Each structure stands twice: as structure tokens, then as C-alpha cells.
Amino acid sequence: MQLEEGSIIEGRVTGIQKFGAFIDIGGGKNGMVHISEVSPTYVADINVFSEGRADC
């Protein structure tokens, strides 16, 4: 899978920290979604995600 900056991809949440969520994006690669990138509006709690969730 070729990744490019700004592209939108799907993955499964593998971990959650107060600053963001870690995502398994396949192909042995992981990524991190910073809390400021979760929504176009302010998000105070990253727990809008849960581990194992695949619709992110």
C-alpha cells in the first residue's frame, strides 16, 4: 500500500492514549491519529474511539 500525505484510509484501533488513537492500517504498518484530527470541532476526550473499532 502506497501512503501519501493527506490521504484518508481505514484501519482498526489498537490503542488509545489521551493525545490520540493508534491505528493498524494493514501491511504491517501502524499510524497515530492525533486528537485534534478526530473531528472538525473540538474533542475533549479521545474515548470517542474504542480499541478494536474498525470504522475509523
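Where does Phe 19 lie? Phe 19 sits in the loop between strand E1 (12–17) and strand E2 (20–26), where strands (E, at least two residues) and helices (H or I, at least four residues) are DSSP runs numbered from the N terminus. The model is a predicted one, in which local features need pLDDT of at least 70 and side-chain atom pairs count only at pLDDT 80 or more, while totals for chains, interfaces and linings use all residues. Residues are numbered from 1 along each chain as its sequence is written, and side-chain values use heavy atoms, with hydrogens and water left out.

**The chain as a whole**

The chain has zero helices and three strands, and its pattern read along the sequence is β-β-β. The radius of gyration is 11 Å, close to the 10 Å that the globule rule gives for 56 residues, so the chain is as compact as a globular protein of that length; the radius is taken over C-alpha atoms, and the rule is 2.2 Å times the number of residues to the power 0.38. Along its principal axes, the C-alpha trace spans about 30 × 25 × 15 Å. Of the 56 residues, 20% count as buried, a class that means under 20% relative accessible area, with exposed being over 50% and partly exposed in between (1.4 Å probe, protein chains only). The accessible surface comes to about 4,300 Å², and 50% of this belongs to carbon and sulfur atoms, as computed by the Shrake-Rupley method with a 1.4 Å probe. Among contacts (heavy atoms within 4.5 Å) between residues at least 6 apart in sequence, 41% join residues at least 24 apart.

A search of the whole structure finds one aromatic pair. This pair is formed by Phe 19 and Phe 22, edge-to-face, at 6.1 Å centre to centre and with 85° between the planes; rings of Phe, Tyr and Trp (its six-membered ring) pair if their centres lie within 6.5 Å, and planes under 30 degrees apart count as stacked, over 60 as edge-to-face and the rest as tilted. Phe 19, Phe 22 and Met 32 together make a nonpolar surface patch of about 250 Å².

**Partly exposed residues**

| Residue | Relative accessible area |
|---|---|
| Phe 19 | 36% |
| Phe 22 | 32% |
| Arg 12 | 44% |

Arg 12 is placed in strand E1. Although Arg 12 and Glu 51 are 39 residues apart in sequence, their C-alpha atoms are 7.7 Å apart in space.

Terms used:
Patches are made of residues with over 30% relative accessible area and no salt bridge: like charges are joined within 9 Å, nonpolar side chains (Val, Leu, Ile, Met, Phe, Trp, Tyr) within 5 Å. A salt bridge is a side-chain nitrogen of Lys or Arg within 4 Å of a carboxyl oxygen of Asp or Glu.
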